[in-house]
Amino acid sequence: MAYQAKRRKHFEENFELADEQGKVVKTLAVKLDADDIVGKVHRKYTALTKALSDTSDLQHKAAEGQEAAEAIEILGEAVVSLMEAVFGPEDTKTITEFYEGRYIEMTQEVLPFITKVVIPRCMEIKKENQKRILQSYDRKSLNKGFKREQ
């Protein structure tokens, strides 16, 4: 009997863009490949968190008369970068065009999908993959064929 190496099922989540009446205009398939997306999303989410911290510092300075545009630009770049890690460049462009430059609305609608759906699901997939890998290295089954020499 030959040993078989099988490919695993690909996981996807759908993200729907709906107009004001609730009619779905576009459905985007988000591939949740734990090997690829988890690392990228984690790095981009960390960068977004740092950008939020940096922009709050810049907002305090802006209140003192300095430009707030720099803070908005930093935050916007971090949000778009995170979206590209999840959706890819083409679908991110589709989303930004759908919101017609209303970046605050876009952020309020899209980020919860990333933080409440994509990231938790990727973590589940990663844990399942780790569990499967560890099971393949079960010590008892590995030691059955080997006897200690004394």
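This tour goes from a helix to the core and then to the salt bridges. The model is predicted: local features need pLDDT of at least 70, side-chain atom pairs count only at pLDDT 80 or more, and totals for chains, interfaces and linings use all residues. Residues are numbered from 1 along each chain as its sequence is written, and side-chain values use heavy atoms, without hydrogens and water.

**Helix α4**

Select residues 103-136, helix α4. Helices here are DSSP runs of H or I, at least four residues, and strands are E runs of at least two, numbered from the N terminus. Go to I114: α4 bends there by about 30° (the angle between axes fitted to the seven residues ending there and the seven starting there). I114 is among the buried residues of α4, as are M106, F113 and R121 (buried is under 20% relative accessible area, exposed over 50%, partly exposed in between; 1.4 Å probe, protein chains only).

**The core**

Next, show the largest nonpolar core, with 27 residues. Such a core is a set of buried Ala, Val, Leu, Ile, Met, Phe, Trp, Tyr and Cys residues joined through side-chain atoms within 4.5 Å. Its largest share, 8 residues, comes from α4. Select F15: its contacts (heavy atoms within 4.5 Å) include F87, I95 and V110, leaving aside residues up to four places away in sequence.

**Salt bridges**

Now pick R102. A salt bridge puts a side-chain nitrogen of Lys or Arg within 4 Å of a carboxyl oxygen of Asp or Glu. R102 pairs with E100 at 3.2 Å and with E105 at 2.6 Å. E100 is exposed, at 59%. Finish at R121, which meets E124 at 2.8 Å.

Notes: The expected span of a helix is 1.5 Å times one less than its number of residues.
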